[in-house]
Amino acid sequence: MAEKKKVDIPDALDEQYYQINQDILESFSKYRPPLDLFQFKEDVARIVLFCRGGERLTNEMVETLAQMVDEGLIFVSRADHPIYVKHISYQLDLVLVDKNLHETEIADIFTQALTRRLTEVFDQPVPMVLARVWTDFMVLTEYLYHDIHRIRALTRRLHATHSLENHSFNTGIMGLAIHAKTRAAQYEAGDIKRKFFDHLTAGLFLHDLGMSKVPNFIREKGKGLTPDERGKLQRHTQIGYEMLAKLDLKFPEVEECVTDHHERLTGTGYPQKKIALGEVGRLCALADSYCAMTTKRVYAEAMEPMKAAGILVQDAGYDAEMSRNLQAMLVQTGKHK
Ligand SMILES: [Fe+2]
Ligand SMILES: [Fe+2]
């Protein structure tokens, strides 16, 4: 069957508006779309307002709207980006069907959605809440697996200040970016297994799951912890490991991230002072430290990205190849000033 003819949209228009499809329309409240909708009038080749955001539509308008969406005549304004980002972030799988979103818009949507989901998991680490973040992780892996270079736009959206959810998001993104660079040839050749990629992603984002059980005042204290408080803090890797079992997340990559991200190749880490670390553990350790160093805390300013990477390259506790790749990546993305 021949594909239905869609209207030709002038380029200038495309910069200001984007076309919405049936999936997107169906995600809106049927009688009250959340944002202004515009209609392309073919006869005059102009965009005109169809309805205001929040306005109640009549049955007739709902019908007309559905038909016009089908014909490719309905648009939203890119100026409404913040409303649209928020809307899609609640139904993240829509990013995969909306072909009109720019890479930077998609990166904003992922950042909002994943950070919010991580907050929910840390507040309430139970299977039902975890299932929701897992669904969103799978949307992210579906998006990245087909073109791993898309991770770059996400590395430009790291959170600048520390919180458990911000740190977890940042570590997930940086971990994937370092992995993409270190294993570039395998990604290129399609040799990275999908299941591995899914579980690596989940592990990086959830590496500090056990922290949700550590009292906030200990987490935020920074320097000057008593030995007892330090013990409680350091137990988060073991606690996280036990939580994975209860949550039915017994995947090797997820476990390795949770248990090994504070281990160092010099045997100076915790909890086991392991020297032999797997690739996933080494990756998570590096991403975790880098993200901790480069965000602002209550008790410390953020370190410059290149300075942090420089320190990590010099530190034999970290994987030398991975930390050099991190440094090279920062130079490429212009974060070396
Ligand atoms: Fe940790
Ligand atoms: Fe961490």
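**Exercise 1. Find the helix that holds phenylalanine 217 and decide whether this residue is buried or exposed.**

Solution. Phenylalanine 217 sits in helix 12, residues 216–219. Helices here are DSSP runs of H or I with at least four residues, strands are runs of E with at least two, and both are numbered from the N terminus. Next, apply the burial rule: a residue is buried if 20 or more other C-beta atoms lie within 10 Å of its own, exposed if 12 or fewer, and partly exposed in between, with C-beta atoms placed from the backbone. Phenylalanine 217 has 8 C-beta neighbours inside 10 Å and therefore counts as exposed.

The model is predicted; local features need pLDDT of at least 70, side-chain atom pairs count only at pLDDT 80 or more, and totals for chains, interfaces and linings use all residues. Residues are numbered from 1 along each chain as its sequence is written, while chains are lettered from A and ligands numbered from 1 in the order in which they are written.

**Exercise 2. Describe the packing of helix 9 against helix 11.**

Solution. Start with the axes, which are lines fitted to C-alpha atoms, for helices over the stretch in contact; angles run from 0 to 180 degrees between N-to-C directions. The axes of helix 9 (residues 164–182) and helix 11 (residues 194–206) come within 7 Å and cross at roughly 140°. Helix 9 is therefore oblique to helix 11, given that angles under 35 degrees count as roughly parallel, over 145 as roughly antiparallel, 65 to 115 as roughly perpendicular and the rest as oblique. The crossing is right-handed; a crossing is left-handed if the near helix is turned anticlockwise from the far one by less than a right angle, and right-handed if clockwise.

Then list the contact residues (C-beta atoms, placed from the backbone, within 7 Å). Helix 9 contributes Ser168, Thr171, Gly172, Gly175, Leu176 and His179, and helix 11 contributes Leu200, Thr201, Leu204 and Phe205. By class, this contact of helix 9 with helix 11 holds four nonpolar, six polar and no charged residues. Ala, Val, Leu, Ile, Met, Phe, Trp, Tyr, Cys and Pro count as nonpolar, Asp, Glu, Lys and Arg as charged, and the others, Gly among them, as polar.

**Exercise 3. Treat helix 17 and helix 18 likewise.**

Solution. Helix 17 (residues 305–314) and helix 18 (residues 320–332) have axes 9 Å apart, at an angle of about 160°. Helix 17 is therefore roughly antiparallel to helix 18. Their crossing is left-handed. Pro305, Met306, Ala309, Leu312 and Val313 of helix 17 touch Ser323, Arg324, Leu326, Gln327 and Leu330 of helix 18. The contact of helix 17 with helix 18 comprises seven nonpolar, two polar and one charged residues.

**Exercise 4. How many residues of helix 15 are buried, and what covers them?**

Solution. Of the nine residues of helix 15 (residues 252–260), seven are buried, so this helix is largely enclosed by the rest of the structure. They are Glu253, Val254, Glu256, Cys257, Val258, Thr259 and Asp260. Their cover includes helix 11, helix 14 (236–246) and helix 16 (279–293).

**Exercise 5. Summarise the whole protein.**

Solution. The protein has 18 helices and four strands. Buried residues make up 35% of its 337 residues.

Terms used:
Two residues are in contact if their C-beta atoms, placed from the backbone, lie within 7 Å.
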